[in-house]
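Okay everyone, thanks for coming.

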Amino acid sequence: MIYEYKGTKPSIHETAYISEDVIITGDVTIGEKSSIWFKTVIRGDVAPVHIGKEVSIQDLSLLHQSPDAPLIVEDYVTIGHQVTLHSAQIRKGALVGMGSIILDGAEIGEEAFIGAGSLVPPEKKIPPRTLAFGRPAKVIRDLTEEDFREMKRVQTSYVAKGQYYKEQQK
């Protein structure tokens, strides 16, 4: 379901896959070949939400924000199942593992990996190309080339899967 909020309707690129049971409302922009999966809620009724290209927001995730604090998800990002993102910045190529919570003002660096079930508290900065894990999340180590290959495999598989599902909607 796509809802207008106070005169602002979501802007969704024609190549994006949006599952039929997703709710998107208000000031939300979704880029090309991105995929929004089953039962996800994206509310742009407080501040803007910007989702770049080739991003996957997986099943049961929740995206929202605080006043004057947009949520920005850059290109080529993977957001795992049941993730909560709230007024944060997720930089290009990052992966946020399932069940994680990323709070106001937090910044996940380019190509960083947030381990499943982590809590990134308000204003916490996770450096690029690192693995962070825990509650609260702490940097564990630098990522390896094998880590980057796996992150890219997951990201591109969701682009392909989203495009397959989009074709089935026609």
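I'll talk about salt bridges, then a serine, then a surface patch.

Quick housekeeping: this is a predicted model, where local features need pLDDT of at least 70 and side-chain atom pairs count only at pLDDT 80 or more, while totals for chains, interfaces and linings use all residues. Residues are numbered from 1 along each chain as its sequence is written, and side-chain values use heavy atoms, with hydrogens and water left out.

So, salt bridges. I'm calling it one when a side-chain nitrogen of Lys or Arg sits within 4 Å of a carboxyl oxygen of Asp or Glu. How many salt bridges does that rule give? The count is eight.

Take Lys39 and Asp21, whose side chains meet at 3.6 Å, N to O. That pair links distant parts of the chain, 18 residues apart: Lys39 is in the loop between strands E5 (35–36) and E6 (41–51), and Asp21 is in the loop between E3 (17–18) and E4 (23–30).

Lys39 is exposed at 51%, and Asp21 is partly exposed at 30%.

Next, Arg129 pairs with Glu145, again 3.6 Å from N to O. Here Arg129 is in the loop between E18 (125–126) and E19 (130–134), while Glu145 belongs to helix H1 (residues 145–169), 16 residues away. Arg129 is partly exposed at 35%; Glu145 is exposed at 51%.

Then there's Asp45 with Arg43, closest N and O atoms 2.9 Å apart. Asp45 counts as buried, at 19%, and Arg43 is partly exposed at 33%. There's also a network of salt bridges linking Glu74, Arg91 and Glu107.

Now the serine. Ser100 is in the loop between E13 (95–96) and E14 (101–102), and at 0% relative accessibility it counts as buried. Which residues does Ser100 touch? Leaving out residues up to four places away in sequence, the list includes Gln82, Val83, Thr84 and Gly117, where contact means heavy atoms within 4.5 Å.

Last, the surface: Met1, Tyr3 and Ile23 make a nonpolar patch of about 280 Å². Patch residues have over 30% relative accessible area and no salt bridge, with like charges joined within 9 Å and nonpolar side chains (Val, Leu, Ile, Met, Phe, Trp, Tyr) within 5 Å; areas come from the Shrake-Rupley method with a 1.4 Å probe, and for residues only the protein chains shown count as cover. Tyr3 is in strand E1 (residues 2–3) and is partly exposed at 37%.

Methods: Helices (H or I, at least four residues) and strands (E, at least two) are DSSP runs, numbered from the N terminus. Buried means under 20% relative accessible area, exposed over 50%, partly exposed in between (1.4 Å probe, protein chains only).
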